[in-house]
Amino acid sequence: MMNKLQKLPIYLFSVSSHPDAIHINSLSVSFFKPDIDFSDIDYLILTSKQAVKALEQYSKEQYIDKKALCISKATAAAYEDIGGEVLQIGKGYGDTLVDVIKSYPKETRWLYLRAETVASDFAKELRTQGYNIEESVVYKSECSAEILDAVVPCEAVLVFTSPSSVKCYLRKHSFQPSQKIIVIGKTTAKALPKSTECIISPQTTVESCIKIAKNLAI
């Protein structure tokens, strides 16, 4: 959707949509339901809204009393929406959860509900330091047909909200010099080809990215 002031269309490559952008769903998500004993943990670690959605496969009574360390405000809101309580909120990157977890005793039992492929190995790193973190793969993400087949004009503002959305886009497309690129954070920026110019959103939210994009599109 373009308002009258916009000269360039805004394309949002994300699982979430926004009314001020042309939404291209970047991922096809499949969920798993591994056997999990939630009673044997103290806190959950949630690094995406998909992890929250995966929880809904289980009986709410199994996990709803567990507070969650959430990677971002959006993930925290998703957990609260299903009735969960948030322990703390990170700064949008897996690596930023390290200091939070280190502020708790090493004996604290954490359960990291994760994707099959992740951008950060923070849990593995913390385990080598003696922290008690279990991992359970509850979903996997694959490139959607929508992003692979997308037709994007040479002059546009492109917004990417995850490293996987960048990688999926680049499987069938390349960036044009006239395109303006916005990424939701540093981890997503690292997925771009070297020397690619981009703007990193100061806040790891879709809303923040779109605000920047609207200014660039005028």
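Reader: What share of the contacts between residues at least 6 apart in sequence join residues at least 24 apart?

Author: The share is 57%. Contact means heavy atoms within 4.5 Å. This is a predicted model: local features need pLDDT of at least 70, side-chain atom pairs count only at pLDDT 80 or more, and totals for chains, interfaces and linings use all residues. Residues are numbered from 1 along each chain as its sequence is written, and side-chain values use heavy atoms, without hydrogens and water.

Reader: Why is Phe-38 called buried?

Author: Buried means under 20% relative accessible area (exposed is over 50%, partly exposed in between; 1.4 Å probe, protein chains only). Phe-38 has 2% relative accessibility, so Phe-38 counts as buried.

Reader: Which residues touch Phe-38, leaving aside neighbours within four places in sequence?

Author: Phe-38 is in contact with Leu-44, Leu-55, Tyr-58, Gln-62, Tyr-63, Lys-66 and Leu-111.

Reader: Where in the chain is Phe-38?

Author: Phe-38 sits in the loop between strand 3 (27–31) and strand 4 (43–46). Strands (E, at least two residues) and helices (H or I, at least four) are DSSP runs, numbered from the N terminus.

Reader: How many helices and strands does the chain have?

Author: The chain has 9 helices and 11 strands.

Reader: What makes the chain as compact as a globular protein of its length?

Author: The globule rule is 2.2 Å times the number of residues to the power 0.38, and the radius of gyration is taken over C-alpha atoms. For 218 residues the rule gives 17 Å; the chain has 18 Å, which is close, so it is as compact as a globular protein of that length.

Reader: What percentage of the 218 residues count as buried?

Author: For the chain, the figure is 48%.
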